[in-house]
Amino acid sequence: MAERPLPTPAHTIGPFYGHALPFPGGGDIAPPGHPDTVTLHGHVLDGAGAPVPDALLDFWQAAPDGSLTGTPGSLRRDPSTGGFLGRNGVDFTGFGRVATDADGRYALRTLPPGNTGLPYIAVCVFARGLTHHLFTRAYLADGTDPLLDALPDERRATLIAAEGAPRTYRFDIRLQGEGETVFLEFR
C-alpha cells in the first residue's frame, strides 16, 4: 500500500511563518541599552482564552520626536550571502515583527512613541484561522482620544495597555469572544 502524501500549503490553513518572516531581534526596536526603552508584552489568545502559539505581530509607531518616517534598517541582509545581519543597533526604525512563543507570549522593546495625542503603538495580527490580518492599537496611556472616546468603556479597555513595572506595559490581544480586542477597519 502506498504511503499517503503529507498535505501541502494549498491543502491546509497556515500560518507558515517559520521560514522567512520572523527574524532574530525583530522585537528589539530600541537601541540596546537605551535608557528610555519601554517593553510592551502580552499574550495572543483565541476565543476560548487559549494561547495562540503561532501568531505573528507587526508593530509600527512614531519615533520619540513624533516623526513617522522611520529609518531604514529593520532587517539588514548580507549582500553576498543573503543571510541575516540584524539591525544596526543605532537607528530607530519604528518597526518590529515578533512571533508568539509556544504559550502565545510576545515582547517588544521600543522607545516611547511621540505621536500627537495619546501615545500608542499600531499592531497588525496574523494568526491561524484568520483569512485577513487584523489591525489594532496598544495605547500606553488612557485619556482623551477620538478613537477611544467613540467606544463604550468595556471596549475601550481592550486598547489600553496596563502599566506594570516601570516602563513595562502588558497588552493582551483576544481574537474573539468575551473581552475581544477592538480591531480597526481601514478603507
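Gln 61 lies in the loop between strand 2 and strand 3 (95-99). The model is predicted. Its chain has 2 helices and 9 strands. Of the 187 residues, 35% count as buried.

**Gln 61 and Thr 110**

- Gln 61 counts as buried because its relative accessibility is 10%, and the cut-off for buried is under 20%.
- Thr 110 sits in strand 4 (residues 105-110).
- With a relative accessible area of 0%, Thr 110 is buried too.
- The side chains of Thr 110 and Gln 61 make a polar contact at 2.6 Å.
- A polar atom of the Gln 61 side chain also lies 2.8 Å from the backbone oxygen of Leu 111.
- Beyond four places in sequence, Gln 61 is in contact with Phe 92, Gly 94, Thr 110, Leu 111, Pro 112, Pro 113, Tyr 120 and Ile 121.

**Chain layout**

- From the N terminus on, the elements run β-β-β-β-β-β-α-α-β-β-β.
- Take the contacts between residues at least 6 apart in sequence: 65% of them join residues at least 24 apart.

**Nonpolar cores**

- The largest nonpolar core has 27 residues.
- Leu 40, Val 44, Leu 57, Phe 59, Tyr 106, Ile 173 and Leu 175 touch the most other members of this core.
- Strand 1 (38-45), strand 2 (56-60), strand 4, strand 5 and strand 6 each give two or more residues to this core.
- Another core, of 6 residues, lies apart from the largest one. Among its residues are Tyr 139, Leu 148, Val 182 and Leu 184.
- What does Val 44 touch, leaving aside its neighbours within four places in sequence? Val 44 is in contact with Ala 50, Pro 51, Val 52, Ala 55, Leu 57, Thr 100, Gly 104, Tyr 106, Ile 173 and Leu 175.

**Largest pocket**

- The largest pocket has a volume of about 250 Å³.
- It is lined by 15 residues, and those closest to its centre are Trp 60, Leu 68, Tyr 120, Ala 122 and Arg 137.
- Strand 5 (120-126) and strand 6 (134-139) are the elements that give two or more residues to the lining.
- By class, the lining residues of the largest pocket divide into 9 nonpolar, 5 polar and 1 charged.
- One residue named above returns here: Tyr 120 is among the lining residues closest to the pocket centre, and Tyr 120 is also in contact with Gln 61.

**Leu 56**

- Leu 56 lies in strand 2.
- Leu 56 counts as buried because its relative accessibility is 2%, against a cut-off of under 20%.
- Leu 56 and Arg 97 are 41 residues apart in sequence, but their C-alpha atoms are 7.2 Å apart in space.

**Arg 167**

- Arg 167 is found in the loop between strand 7 (162-163) and strand 8 (168-170).
- Its phi is positive, about 65 degrees, although Arg 167 is not a glycine.
- Is Arg 167 buried or partly exposed? Arg 167 counts as partly exposed, because its relative accessibility is 33%.

Conventions: Residues numbered from 1 in each chain as written. Predicted model: local features only at pLDDT ≥ 70, side-chain atom pairs only at ≥ 80, totals over all residues. Heavy atoms only, no water. Helix = DSSP H or I, 4+ residues; strand = E, 2+ residues; numbered from the N terminus. Buried < 20%, exposed > 50% of the residue type's maximum accessible area, 1.4 Å probe, protein only. Polar contact = N/O pair within 3.5 Å; in protein donor to acceptor, adjacent residues only side chain to side chain. 1 Å grid on protein atoms, 1.4 Å probe; cavity = no way out; pocket = protein on both sides within 12 Å on 5 of 7 lines; lining within 4 Å. Points joined across faces, edges and corners; volume = space filled by probe spheres on them. Nonpolar A, V, L, I, M, F, W, Y, C, P; charged D, E, K, R; others polar. Core = buried A, V, L, I, M, F, W, Y, C linked by side-chain atoms within 4.5 Å. Contact = heavy atoms within 4.5 Å.
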